[in-house]
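Q: Hi! Could you walk me through this one, a helix and a few strands at a time?
A: Happy to, here it is.

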Amino acid sequence: MIAYLERCIHENDSESRPNDDEKDQLPNICHSLDLQGTIDCVATGLASKDFGGMYTCNPLALIRPASPDDVARVVKAAYRSPNLTVAARGNGHSINGQAMSDRGLVMDMRSTGGNLFEVVRINGETFVDVSGGALWEDVLKQCVLEYKLAPRSWTDYLGLTVGGTLSNAGVSGQAYRFGPQTSNVAELDVVTGKGEVMTCNKNENSELFFGALGGLGQFGIITRARVLVQSAPDMVRWIRVVYTEFEDFTRDAEWLVTRPEGESFDYIEGFVFVNSIDDPANGWPSVPLDPDQGFDPSRIPRTSGSVLYCLEVALHYQKTDHPSTVDKAVNSLLGQLGFNEDVKFQVDVSYVGFLLRVKHAEESARANGIWDAPHPWLNMLVSKRDIADFDRVVFKRMLKEGVGGPMLVYPLLRSKWDSRTSVALPAEGEIFYLVALLRFTMPYPKGPSTEKLVSQNKEIVQFCVKEGFDFKLYLPHYQSEEEWKRHFGNQWSRFVKRKDSFDPMAILAPGQKIFKRISQS
Ligand code: FAD
């Protein structure tokens, strides 16, 4: 299909609408592209919002590329233009406008999502080649249902694209063992900020490969990823146990994540919940795994604090495994933990059902209107050194009423992260914690105002800075170069050097607000 150009002028626009120069340059650029995909200058609504629901922008056009070649043509045209920028949009599940391009071009990478799926075997290892615009849930279904294979490392929610999570890290309960998703990729095809299509891996174009992984979209657009896979289990025993003391919870979680392979669970996460029977989103009712399971209040000592802790684990097994073998493996691990006696919930679910568990939560959140409301989320990586102090002040005091959604806290191991990637980690120690405040609230005035929640996030970050905590924001979001420099610390010069090499005009991912587009006349 030849690219078509609809009307290129926004009619009901706000003050940030494109100026005359911008409007003038666009038709020329679009006509010269000759894409197989489409360009839409009218219905750009998708490109002007994201899951966070707090930022909007006015893109000049929404492009739906049909192939990597289309992606390269668009970037090349922007590179030759005086000042156009290009944002690859995965599934727009960013919080702070990271996939937006105000007055620039947004490329909906999902239009390429179904282009590629190929199983590749190299030197005894198995991989799948998938498109950067593929949703992880589609990768899961194809891998498991057609080949009984599965990527090793996931995110909790799979309505995210391969390119979107690889540009950050991609973390879930398997990351303690296999590292984040960025540690489970062998090769990428990337369209750089000059419009060149490059294949890269740890030996070939390695600076681009490691730069793009966790690179916040700054060095290129990922059009193909070669993802390491393993054989998929049939079933999962999914378990939650409850702790009243943070130090017992962290001791057990850290013990489990540092056990040798084969001597621990296959998935390890944890969360904080409010010590209240009346809070369906954050209190006791949020813990059982099945509506038939009740939370017996008499099991929680009256002396316990404002919040409690839940360790969430899962063990993989095959349908052919005898139930007693699974019970034995589970009980032997649980028997070594110090959770509150009898506050334990477990269910057996299919492996695919387990990985799609958040999709069910999405369906009910959509039904009651909180999926589309703003989500001022805060994600952090906090060093083990400071996590007890973080708990004492942030969880126990500042967030004792909850956040209307999950408050995740679980340990990860630095040695499973490749320091050559662009991801910034806390400075010290082998163990650090993922902390995720996944706020779901009714839109104001039924729920608290977004401003209030954003300011609570700021307060938490400022507290960490003031106390000198060793931490980084995960899915970072800053406004000034000073803040980005602080975020990357001694990796900043490497980040800038990579930018100069691969996107010298600063065309890509402008919504991250790290670099300013260099104008040329
Ligand atoms: P987008 O938001 O569309 O893009 C994110 C950034 O990546 C932008 O800068 C964009 O320009 C860039 N980008 C997008 N595609 C490409 C590409 N192909 N090449 C280069 N750059 C690209 N994260 C976790 O680690 N673990 C979780 O368990 C997890 N759960 C989540 C659950 C929900 C409900 C939500 C909303 C988010 C969750 N996230 C999680 C965060 C998620 O990983 C990031 O928000 C991710 O960026 C979203 O992916 P996306 O495909 O929507 O990317």
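Q: How many residues does helix α11 have, and what does it reach from its first C-alpha to its last?
A: Helix α11 (residues 384-398) has 15 residues and reaches 20 Å between those two atoms, close to the 21 Å expected at 1.5 Å a residue. Helices here are DSSP runs of H or I with at least four residues, strands are runs of E with at least two, and both are numbered from the N terminus. The expected span is 1.5 Å times one less than the number of residues.

Q: What am I looking at, by the way, and how do you count?
A: This is a predicted model, where local features need pLDDT of at least 70 and side-chain atom pairs count only at pLDDT 80 or more, while totals for chains, interfaces and linings use all residues. Residues are numbered from 1 along each chain as its sequence is written, and side-chain values use heavy atoms, with hydrogens and water left out.

Q: Thanks! Where does α11 bend?
A: At Phe390, by about 45°; the bend is the angle between axes fitted to the seven residues ending there and the seven starting there.

Q: Which α11 residues are buried?
A: Asp386, Ile387, Phe390, Asp391, Val393, Val394 and Phe395. Buried means under 20% relative accessible area, with a 1.4 Å probe and protein chains only.

Q: Which residues have the most contacts inside the largest nonpolar core?
A: Phe390 and Phe395 are back again, along with Leu188, Leu311 and Met380, in a core of 134 residues. Such a core is a set of buried Ala, Val, Leu, Ile, Met, Phe, Trp, Tyr and Cys residues joined through side-chain atoms within 4.5 Å. Its largest share, nine residues, comes from strand β13 (residues 307-317).

Q: Switching to strands: is β16 mostly covered or uncovered?
A: Mostly covered: seven of the seven residues in β16 (residues 407-413) are buried. Met407, Val409, Pro411 and Leu413 point one way, and Leu408, Tyr410 and Leu412 the other.

Q: What does β16 pair with over seven bridges?
A: Strand β17 (residues 431-437), in the antiparallel sense. Pairing requires DSSP to find at least two bridges between the strands. Leu412 has Phe432 of β17 as its bridge partner. Strand β12 (residues 267-274) also pairs antiparallel with β16, over two bridges, and Phe271 stands opposite Leu408.

Q: And in the hairpin of β5 and β6, which residue takes a positive phi?
A: Asn123, with phi near 45°; two residues lie between these strands. β5 (residues 117-122) and β6 (residues 125-131) run antiparallel, joined by six bridges.

Terms used: Buried < 20%, exposed > 50% of the residue type's maximum accessible area, 1.4 Å probe, protein only.
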